Amino acid sequence: MPYYSDIILKILLDAEITLYIFIYLILLLNINIFEITYFIIQLYNHYIKNIIIIIWNKYSKVKIIMTRGQSAVVINIIYFLYFEATQRLFLNINKTIIIFKRIYTTFNNIESKYKSNARCLSYAYLVGLIEGDGWVSITKKGKYLTYELGLEMNIKDIQLLYKIKDALGVGKIKTKVRKSINNNEIKSVRYNIRNKTHLREIIIPIFDKYPMLTNKQSDYLRFREALLNDIKYYDDLPKYTRSKEPLNSIDNILNTSYFSAWLIGFIEAESCFSIYKAKINDVNSYVGSFDIAQTNSSEIIQAIKSYLKFSGSIYKDKTNCFKLKTTSVRNIENVIKFLKNNPIRLLGNKKLQYILFLKNLRKIPKYSNIINIPDNY
């Protein structure tokens, strides 16, 4: 049976090759080795059994006169080959388990702890994002009340809102189109949660653990009290006007434990990275710019300026919007370092904007000669 022996040998060789690919995929994709090992064993068992069936079918159809003893020898050879193939496969996989078991055990707790921390920090990111581009509100609908957490962004951030929806597991997403002053179409996407059970069980715990830092926190506290007291009718809702006095001082904001993660979410919502041409000393040249703004909250912008160690001034426009804009090499370097070292990342269209910003910044000697600009983000 040399032909069928070659087939069995090929299976063994294939098992070796597959094993190396298997190891590579474990490292590359962080696959659970024990689950995949069981799958591979079952797959190869099935494969080898099918080969034996093929051999037996071919053997049984060949009309050769054999004694009972000769027939038994052939059958024993087939099962011996199957046994050897299975044993060698198990041996290779056991060696793999021995190599990786210690690594898997060592890093399993670290990975779990990291994922837990990242999940908590991502909630702070979400609060910062909503504080920039979102709201919590109670609105009148006939004699009843509608409770809502909402977030509206440019249509370019539709994938980001779907990521948030998938993470929270609740809510709805809708796109909308409105006309600008110049009669151009502006497309946006909105994510909201109105189910009161979802708001109580999912949103309230997040915002209780990571309170908002601007005066939107006043809106939340009123929202929370009415929701937990199950106020259903508009006439039962106490009158409310948001206080103009800041809830947090600059020092309180800076001392907030989750401020770094919160700031990533706020940058996602309220900042802009850009490159433009400007005349400097009568010479046209390109400059990099980072700006961030917030209406009715000078304290948060001052806190961001202090946290990122920016020089320069904060400007206020006619709408009481406080803006911080910088083209300074040192300031740009500070924001790059902050984003590079932060475990929380930009996730939406702002990430693409920032990557393009870095790419163009490398072409401007004013920045590239001084700043260690990262190759990726």
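Predicted model: local features only at pLDDT ≥ 70, side-chain atom pairs only at ≥ 80, totals over all residues.

Residues are numbered from 1 along each chain as its sequence is written, and side-chain values use heavy atoms, with hydrogens and water left out.

**Aromatic residues**

- The structure holds 14 aromatic pairs, where rings of Phe, Tyr and Trp (its six-membered ring) pair if their centres lie within 6.5 Å, and planes under 30 degrees apart count as stacked, over 60 as edge-to-face and the rest as tilted.
- The ring centres of Tyr354 and Tyr377 are 5.1 Å apart and their planes stand at 85°, so this pair is edge-to-face.
- Because Tyr354 belongs to helix H11 (residues 349–361) and Tyr377 to the segment after H12, the pair ties together parts that are 23 residues apart in sequence; helices here are DSSP runs of H or I with at least four residues, strands are runs of E with at least two, and both are numbered from the N terminus.
- Tyr354 counts as buried at 1% relative accessibility, and Tyr377 is buried with a relative accessible area of 18%, given that buried means under 20% relative accessible area, exposed over 50% and partly exposed in between (1.4 Å probe, protein chains only).
- Both tyrosines belong to one aromatic cluster, formed by Phe273, Phe290, Phe310, Tyr354, Phe357 and Tyr377.

**Helix H9**

- Within helix H9 (residues 298–307), the residues Ser298, Ile300, Ile301, Ala303 and Ile304 are buried.
- These buried residues of H9 pack against helix H7 (250–254) and helix H8 (259–270), and also against strands E6 (283–295), E7 (314–316) and E8 (321–326), with contact meaning heavy atoms within 4.5 Å.
- Lys309, which follows H9, has a positive phi, near 60°.

**Ser368**

- Ser368 lies in helix H12 (residues 365–368) and is partly exposed, with a relative accessible area of 27%.
- Leaving aside neighbours within four places in sequence, Ser368 is in contact with Leu361, Arg362 and Ile373.
- Val329 is 39 residues from Ser368 in sequence, and the two are 9.4 Å apart in space, C-alpha to C-alpha.

**Cysteines**

- A search of the whole structure finds 0 disulfides, a disulfide being a pair of cysteine sulfur atoms within 2.5 Å.
- Cys272 is partly exposed, with a relative accessible area of 26%, whereas Cys321 is buried, with a relative accessible area of 10%.
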